[in-house]
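Here is a quick walk through one structure, from its core to its metal site. Have a look at it first, then read on.

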Amino acid sequence: MPKFSAASRARLETCDIRLQSLFNEVIRHFDCTVLEGHRGQDAQDNAYASGKSQVKWPDGKHNRMPSKAADVAPYPIDWNDIRRFYYFAGFVLGVAARMQIPIRWGGDWDRDTRVNDQNFNDLVHFEVAE
Ligand SMILES: [Zn+2]
């Protein structure tokens, strides 16, 4: 059974308890790595400047404490294998639905199950939908 590295676990622990529950279940079936949980001001400024995020501090879901968003990628990471990110997200969303945790994914911001109507893709981004 796959399990999180210490670094992934530490990042996940900065997240909303529902995200922790979700990804602690996901990792039992699908190996993945937590890239980012909470993002402080410097990290958010960098993310915004590099185009990784479209919102400024402190408006991002990653800027809350605990973080309302987690960036998680299938492991091992191959940024060129886009299909695997979709496969992974479908798995995460299915597990979340089963656990009754409302999740908004960066590959389907409007949650209409369509993936070709997006202006901005963030395929590793999963946030608690309130
Ligand atoms: Zn994110």
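This is a predicted model: local features need pLDDT of at least 70, side-chain atom pairs count only at pLDDT 80 or more; totals for chains, interfaces and linings use all residues.

A residue is called buried here when its relative accessible area is under 20%, exposed when over 50%, and partly exposed in between, using a 1.4 Å probe and protein chains only. Numbering runs from 1 along each chain as its sequence is written, and side-chain values use heavy atoms, with hydrogens and water left out.

Donors are N, O and S atoms within 2.8 Å of the metal (3.2 Å for Na, K and Ca); water is not among the atoms, so sites may look incomplete.

| Donor residue | Atom | Distance to zinc ion |
|---|---|---|
| H62 | NE2 | 2.0 Å |
| D71 | OD | 2.0 Å |
| H125 | ND1 | 2.0 Å |

Along the chain the donors follow the spacing H-x8-D-x53-H. Because D71 lies in strand β2 and H125 in strand β4, the pair ties together parts that are 54 residues apart in sequence. Strands (E, at least two residues) and helices (H or I, at least four) are DSSP runs, numbered from the N terminus.

So what goes on around β2? Six of its six residues are buried. A69, D71 and A73 point one way from the strand, while A70, V72 and P74 point the other way. Strands pair if DSSP finds at least two bridges between them. β2 runs antiparallel to β1, with four bridges, and E36 stands opposite D71. It is also antiparallel to β4, through three bridges, with F126 as the bridge partner of A70.

F126 belongs to the largest nonpolar core too, a set of 27 residues in which L22, F23, V26, V72, F88 and F126 touch the most other members. Such a core is made of buried Ala, Val, Leu, Ile, Met, Phe, Trp, Tyr and Cys residues joined through side-chain atoms within 4.5 Å. Helix α4 gives the largest share, six residues. V26 touches C32, F88, F91, V92 and V95, leaving aside residues up to four places away in sequence; contact means heavy atoms within 4.5 Å.

Finally, K68 sits in the loop between α3 and β2. It is buried, at 18% relative accessible area.
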